[in-house]
Amino acid sequence: MSLVSLYDAASLWMTPSGAEDGKLFSQLPTDGSGDFTFSRGSNLAATRVGPTGLIEKGRENLLKQSNNFGTTWLTTNASVTSGQSGYDGSSDAWLLDISGGANSQQIRQSVTASGVTSYSIYAKANTLDWILLYVDASQNTRGYFDIANGVLGGANNLIDSKIESVGNGYYRCTIVCSDSITQVRLYLASGDGSIAQSSGSIYIQDAQVEIGLAATDYIESGATTGKAGLLEDEPRFDYSGGATCPSLLLEPSRTTILPYSEYFQGWHSDNLVSYSVNDAISPEGLTNATKVTATSISNAYFRHTTAATAGDNTFSIFAKYEDCQYIMFRVAFFVGGDEGRVWFDIQNGVKAGSDGSVMEYDIEDYGNGWYRCYVVHNVDVGDLNGYNYVYLTNADGSILVDNGTSAHFYGGQWEAGSYPTSYIPNHSGGGSITRGAETNIVEGISSVIGQTEGTLYGEVKFFETSIDSIISLSDGTNNDRILFAKKPDNKYALYVQATTEQVNLKTTGTFALGDYHKFAVTYKANDFKLYVDGTLELSATSGSVPVGMSQLEFYNPSGSSPFNGNAKQILLFPEALTDSECIKLTTL
């Protein structure tokens, strides 16, 4: 039977192709009964590599009624009129007109945000040429914009400000700050530094407040905040490594304790480097990467305090070559001193030398000249506090650097665990951000699971050595179940229970983490087999088939031992495929 015919014979076929509202769609059955229920948590902490090869985040416009300025927005000595010609060819813009007073005419909305925040709005000159964007926070945070000529004016306490022509006479004006925000305002202005005028008007459209260093594509909001991108309940279709077809990314819960993951000027540098914020296009395709330039020939570093977890910890950051070829990581703990140093060649994308106590380190290509560099440390329980250092250096094994040379950085992360998981943004100046564990299950499918015989097939990649990682068929309990498992020694196992244990076998050989493998489990009375990568690895000639199997899940039926890795596809067949069919199906 050809592979096409084998796929046609499947009763369930999950391949990452579509999802909506916490559902992962299966290709078969076509009536939706085989769709998986997916969950991750209630925040936007997760990211993925999308089909364009760029990191994608969840995004939120924290404003309400973001383009309905006659609702939750308040005005002082000003009025708004809808139905004006917008930057996008619509009639969704608003006329903001002075209605009284000699100065300080404004429109505003209360909003709660903290950490690095971007406030943007589209504006066009009418009888006035200037606006002032103001953030009500602990600092006097503001920026003036010439919306007739596209020129930045004066600013106070900003990380960055930007004005960008978008067509039809409109400019998108943005200020970026790091503070706790309670309100955003827009003032009409008569010049740079002046809000003293008694008449005049401008056009405005599409306001947005969001967490992060850059204004992203506008998100419309109404009575609630607006969300876009990778949402809380959305499965992650992962295209990392240049994949043309996605896999389903399933990761454990991880917490990054590193604040200001993109705003490195918020770290500490002892004045040995300088920063150009929002200087280059980052791995997410926005101009929110930072250029760090050496201002000394030695000890040109930036660092942040670390409060580690006992055991394995992983530090990672994205880096791109400008004219400084090497970077070096150093993790120093207050009690035990230096735990080790590692060097990376970010011009050629290879890891270089190391010294001290380093478990593992590596460099991963993210495209467009960007590399994710990481190092794993094992931290003693009595030595949890210290510093993460990132040095600019001019050679492997050196801490010296040519003064004035630079590299670009993005996305720092410190997490407990023995490998780096997908990037978790943390734009706050303190605290941590947690991405929840992901679950994936389809229930009530007894009609598509072979009850007396059948086959479970998948193409998967596992992440972590130290844990069991399971895909199972079951009745929803541990009483009747069939498990395909990766064991902590990187061997594969086949386990069958029908009230009591029926089969418990483990391969003699190991399988490489980080590589995709194809497996097939066939089952019928007194005949159980596991095939991996075109080879029959395990078989048992006695045992009963579990009864009442009704669900397929990416963990043990009890909820333990979740699958951590990527899954390109999962298929069920209502019959036990033959040896030749399983070999054909699983051959790489």
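This report walks through salt bridges in the predicted model shown above.

Local features here need pLDDT of at least 70, side-chain atom pairs count only at pLDDT 80 or more, and totals for chains, interfaces and linings use all residues. Residues are numbered from 1 along each chain as its sequence is written, and side-chain values use heavy atoms, with hydrogens and water left out.

A search of the whole structure turns up 16 salt bridges (a side-chain nitrogen of Lys or Arg within 4 Å of a carboxyl oxygen of Asp or Glu).

| Pair | Closest N and O atoms |
|---|---|
| Lys57 and Glu284 | 2.7 Å |
| Arg236 and Glu438 | 2.9 Å |
| Lys506 and Asp489 | 3.0 Å |

Let's start with Lys57, which forms a salt bridge with Glu284. Lys57 sits in strand β6 (residues 55-61) and Glu284 in the loop between β23 (273-280) and β24 (289-294), so this pair ties together parts that are 227 residues apart in sequence. Strands are DSSP runs (E, at least two residues), numbered from the N terminus. Lys57 and Glu284 are both buried, that is, under 20% relative accessible area with a 1.4 Å probe and protein chains only; exposed means over 50%, and partly exposed lies in between.

Next comes Arg236, whose partner is Glu438. Both residues, Arg236 and Glu438, are buried. Arg236 and Glu438 also belong to a network of salt bridges that links them with Arg40, Glu251 and Arg435.

Finally, Lys506 pairs with Asp489. Lys506 is partly exposed at 41% relative accessible area, and Asp489 is partly exposed at 31%.

How values were computed:
Helices (H or I, at least four residues) and strands (E, at least two) are DSSP runs, numbered from the N terminus.
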